[in-house]
There are 4 protein chains.
Amino acid sequence: MGEKKGIQAILDNAYAQARQVLGEGRVASYIPELAKADPSNLGACVLLQDGTEYDVGDFNIPFTMQSISKTFSLIQALQTAGYEKVFSIVGMEPTGDSFDSILQLEQKDWRPFNPLINAGAIAVVSAIEGENIFEEFVELVQKLCGDDKIMLNENVYHSEDMTGNRNRSIAYLLESRNVLQRPPVETLDDYFRMCSVMVTAKNLAHYARVLANDGIDPGTGERLVDSDIVRTVKTLMLFCGMYDESGQYAMKVGMPSKSGVGGGIVAVGRDGSGIATYGPVLNKKGNSVGGIRIMEILSRELETYIF
Amino acid sequence: MGEKKGIQAILDNAYAQARQVLGEGRVASYIPELAKADPSNLGACVLLQDGTEYDVGDFNIPFTMQSISKTFSLIQALQTAGYEKVFSIVGMEPTGDSFDSILQLEQKDWRPFNPLINAGAIAVVSAIEGENIFEEFVELVQKLCGDDKIMLNENVYHSEDMTGNRNRSIAYLLESRNVLQRPPVETLDDYFRMCSVMVTAKNLAHYARVLANDGIDPGTGERLVDSDIVRTVKTLMLFCGMYDESGQYAMKVGMPSKSGVGGGIVAVGRDGSGIATYGPVLNKKGNSVGGIRIMEILSRELETYIF
Amino acid sequence: MGEKKGIQAILDNAYAQARQVLGEGRVASYIPELAKADPSNLGACVLLQDGTEYDVGDFNIPFTMQSISKTFSLIQALQTAGYEKVFSIVGMEPTGDSFDSILQLEQKDWRPFNPLINAGAIAVVSAIEGENIFEEFVELVQKLCGDDKIMLNENVYHSEDMTGNRNRSIAYLLESRNVLQRPPVETLDDYFRMCSVMVTAKNLAHYARVLANDGIDPGTGERLVDSDIVRTVKTLMLFCGMYDESGQYAMKVGMPSKSGVGGGIVAVGRDGSGIATYGPVLNKKGNSVGGIRIMEILSRELETYIF
Amino acid sequence: MGEKKGIQAILDNAYAQARQVLGEGRVASYIPELAKADPSNLGACVLLQDGTEYDVGDFNIPFTMQSISKTFSLIQALQTAGYEKVFSIVGMEPTGDSFDSILQLEQKDWRPFNPLINAGAIAVVSAIEGENIFEEFVELVQKLCGDDKIMLNENVYHSEDMTGNRNRSIAYLLESRNVLQRPPVETLDDYFRMCSVMVTAKNLAHYARVLANDGIDPGTGERLVDSDIVRTVKTLMLFCGMYDESGQYAMKVGMPSKSGVGGGIVAVGRDGSGIATYGPVLNKKGNSVGGIRIMEILSRELETYIF
């Protein structure tokens, strides 16, 4: 990491450059409620291991996590149901290529590839154990993000529920193959709610810092997540956290990251730092245009990449 | 890295443990010549940044590179044809999952996903520019492995050529889509030869050390590969270097690695070290059973993983 | 057709031969209620254009139509919503092979291929128009089968509903693509009921005779189905009425037919005759083992095939 | 069939109507040599069982058979290698839909579906036995078409060979699965030659009449093809002779037919008649625009359909 004094300048500069490219994408429209986001929003937060915080723009505007929730639900499932149970119903591979595959065209089995695709996340959510699964999910998010005001966005939840036929199709297909551990309707209801929990870039930077410190919150010294689980989550984030832009992103940014169509990106930095961005304008891959631009610059300037 | 004195002991112990699991796999049989390998062979080499070398077992027995050649041909293509040319005909993603894919069942376009699958490697080989492409390939391998005796195994090459109908099918399909930059027969001939070049674990450890030092040979201080190319190759190795065991391997071993069905594994360690193993007994995924076991132990004991 | 005197003998002989092969299959088990069928049941009915009827075995035992219902629902949809509407949401091709396909591996669009596969039938059921769609379906079946006692099997319907997750997955996928014309739950409820309507082989022979006479009931002279609709239904039955055994069946039997996993087969004969069989023991393709055997013999002996 | 006197008028009228729609398609361009065809060409020939012949337009202009050759090579394979051998390496189904398939997305095995798709035809050609397979093929075509002048178009053959990478890919894939009975290069060479044999609409009408008379040439009374083989070929023509327009074509025309991208269509009529058309302007499915129009009108006016 560079001099602390210079980090704010780097962040401001990254923000200014990222504003230039917002015209290259569009706000998500497949869920009506998401389409209401303000395309000019952009913000970022860098949180060093020692707690120093650098912010820019709309770092404090709440947005729904969407796919970023998949990393939290995976942690919750691994904590309540255990590693073996979870990975008996979902794979951990970014790709299905075997050493003798022909052009990736051969049939894959029906176990979802990994917990960060929709089918995998739905399977993972079905495996979570507990009395009040969604309430406990929110508590976990609050703890990992260091903010006990984090809550559900009811409108987005209802919007997800109304338009979730593709996910319903996936859930019933998994159910017909006996993959789901809870009934499809109940599982999907939790899944839709989890996607609709609101966080800020600041919240996510806090979360990323916990992951960057092996599961320990450096502010309190408390271990929140086991080391093994952190390693699993970070590996999957690196491999498939940015949809089918993960390879290109890894070469440019090189930090385990996860994006959501709500506009957020959370990235685990080197040296125990956490970084997050918010910008609802997405590229064709479903990733935040401004967020990626900021991450590229920070990664290069702060040397936070792992390769 | 641990104390140098202790490294040999760790390596010896890893070797002993790996011998126990050789019964869990089989020597590759899809090419007759490979089936002749001695299943009891096992060896490893660790090469520190400062040149200190630790060896065990059959670290000096030559074997054919097979898929490990894909990393060398990618370097050669990027050096002769350039980044843009290469990645216009092959992707850089471990996976084809878009943010709205249903269970990975939707159609992918016909550009091979990445340079480490057969289709991608064939496309990459077609893009290499030069007068004597295969001779220059061998020279590149010799330089990166620090051994000017490295050469082709004619028998394996002819065996590859005799049984390469699956690769021929891929090449003609790519040709029919105008992906190949050279004629299929010429491209395949180079591809089969490259797979059939013989190296030792010691050679591959030398190569890995160059990649671990950003493309510079620490012994001579000479830059052999540009930094950008090294980063590209390491990212792809991490993401898809171990076929469809890459995710699981990354969680356990955490080093950018590449395996070949000839029995080799090459791994880029932290702190500028290179590691390689040889053991022709393969698991069902096509990776060396003994090699993976040694890598797991070394990664944990020497803390060479990147996560 | 042979001499009427000889037809009963031919039918008796076919029945005797078919009994020999019942051991070659099994009763359907994927729906619990179907698994209760008596594997020794076997029966057939031949109904000539002039009304002469030949029966053997369990021709009068009721069973659920299952996929045979797809031909009735197609007629109902074409009668209420029209040809254009129906074939705007479902195809009419047995196969997706275009003249330049490679091994059938290229992607098909998401419109179901034809009305006789599950996805197509669900789309077709969603297109049916009317006040009381299922009641009107039953009336149509009663009229075409000449039996006003035909009714729903409540147990099978509930069993279908309990185990219909695969069909739910299909319905929600179609809904997410805006193919369905009515809500998925409502459409599926009708679809499950239609599959669970009980008929006898005698009923189905009556139905087949109507189709064999271009949509006119020869007994009453009343036109029940338009000529164009009959031609459409018969073509689809011939092409894909016997699942992926349709080609082989057409070569051996050569009559437009439709089978159901409840054990029925209905076949449209030449010269205005209708033939139907019942036998719940199915082969691996999901077709009645005894029924196919009887159809083969009758087709050859009575020369009812169309080629 | 209508009055003989009226048939010429019907044919003339069909020809006139078909000329109106030639603008709705284009001459095949994927093989350079085919692109040279004259788009204004159009012709047809109807040959009654008794030998009466009706012609119109370019019924006597030679064109290459292309996919129509698949029906001849199937006959040659069945005559020389036998039914069991041929159908052990190729299927006989128009579709791969099993009773429990989901939207046709599940994996098919690698045996080509049927002899009328490229992969199936290549497999069939590999199974043909004989001393001089291509010469014997030409003799068979000459006999079935009643014209001993039929010969190879060398230019089209070389054009096919130059641009046949897609078929090469298929052949090597089949070879890698041990489906082919002869070496790929030899098989493909025969396959390309067979596609490049020139016939006229008059030739094909003669051929169709043989198929319409159960394999007997009504002119000479000689049996040229066994009854079983004829039935197999006619069934496959009906099911998949018109690429993925087969279902729609069957409903409108209802005659077992086969088209080729050279512009020909051959159709087996009722009552022992043979019909063929030529028109190189193709629709998007690869079928002759003018030919289909003529077939639709003839089928309706002459009542030659089988449903």
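The hairpin of S7(C) and S8(C) has 5 residues between its strands, and within it Asp271(C) takes a positive phi near 55 degrees. Helices (H or I, at least four residues) and strands (E, at least two) are DSSP runs, numbered from the N terminus. Asp271(C) is a residue other than glycine. Most residues other than glycine have a negative phi. Asp271(C) sits in the loop between S7 and S8 of chain C. Is Asp271(C) buried or partly exposed? Asp271(C) is partly exposed, because 13 other C-beta atoms lie within 10 Å. A residue is buried if 20 or more other C-beta atoms lie within 10 Å of its own, exposed if 12 or fewer, and partly exposed in between; C-beta atoms are placed from the backbone.

This is a predicted model: local features need pLDDT of at least 70, side-chain atom pairs count only at pLDDT 80 or more, and totals for chains, interfaces and linings use all residues. Residues are numbered from 1 along each chain as its sequence is written, while chains are lettered from A and ligands numbered from 1 in the order in which they are written.

Now follow the hairpin into its strands. S7 (residues 264-268) of chain C runs antiparallel to S8(C), and 5 bridges join them. Two strands pair if DSSP finds at least two bridges between them. Ala267(C) stands opposite Ile275(C) in S8(C). Strand S2 (residues 43-47) of chain C also pairs with S8(C), again in the antiparallel sense over 5 bridges. There Cys45(C) stands opposite Ala276(C).

Why is S8(C) largely enclosed by the rest of the structure? 5 of the 5 residues of S8 (residues 274-278) of chain C are buried, so the strand is largely enclosed. Both faces are covered. Gly274(C), Ala276(C) and Tyr278(C) are buried on one side, and Ile275(C) and Thr277(C) are buried on the other.

Step back to the whole sheet. Its 5 strands have the order S3-S2-S8-S7-S6 in chain C, and the sheet is open with antiparallel pairing. S3 (53-57) and S6 (257-259) of chain C stand at the edges, each with a single partner strand, so one side of each is left without a neighbour in the sheet. The twist averages 10 degrees from one strand to the next. Axes are lines fitted to C-alpha atoms, for helices over the stretch in contact, and angles run from 0 to 180 degrees between N-to-C directions. 5 bridges join S2(C) to S3(C), which run antiparallel. Cys45(C) has Asp55(C) as its bridge partner in S3(C).

H9(C) packs on this sheet, where it touches S2, S3, S7 and S8 of chain C. The direction of H9(C) makes about 150 degrees with that of S8(C). Two residues are in contact if their C-beta atoms, placed from the backbone, lie within 7 Å. Helix H12 (residues 289-302) of chain C lies across S2, S6, S7 and S8 of chain C. H12(C) runs at about 150 degrees to S8(C).

Next comes helix H5 (residues 133-145) of chain C. H5(C) has 13 residues and reaches 18 Å from its first C-alpha to its last, close to the 18 Å expected at 1.5 Å a residue. The expected span is 1.5 Å times one less than the number of residues. Which residues of H5(C) are buried? They are Ile133(C), Phe137(C), Val141(C), Leu144(C) and Cys145(C). They cover an arc of only 95 degrees around the axis, which puts them on the same side of H5(C). The arc is that of the directions from the helix axis to the C-beta atoms. An α-helix has 3.6 residues a turn, so residues three or four places apart point the same way. The buried residues of H5(C) pack against H2 (69-80), H8 (184-195), S5 (198-199) and H9 (201-212) of chain C. Just after H5(C), Gly146(C) takes a positive phi of about 65 degrees.

Turn last to chain A. Gln66(A) has a positive phi near 50 degrees and is a residue other than glycine. Gln66(A) is found in the loop between S4 (63-64) and H2 of chain A. Gln66(A) counts as buried because it has 25 C-beta neighbours inside 10 Å. H2 (residues 69-80) of chain A packs with H4 (residues 118-127) of chain A at an angle of about 35 degrees, with their axes 9 Å apart. The contact is made by Lys70(A), Ser73(A), Leu74(A) and Ala77(A) of H2(A) and Ala121(A), Val124(A), Val125(A) and Ala127(A) of H4(A).
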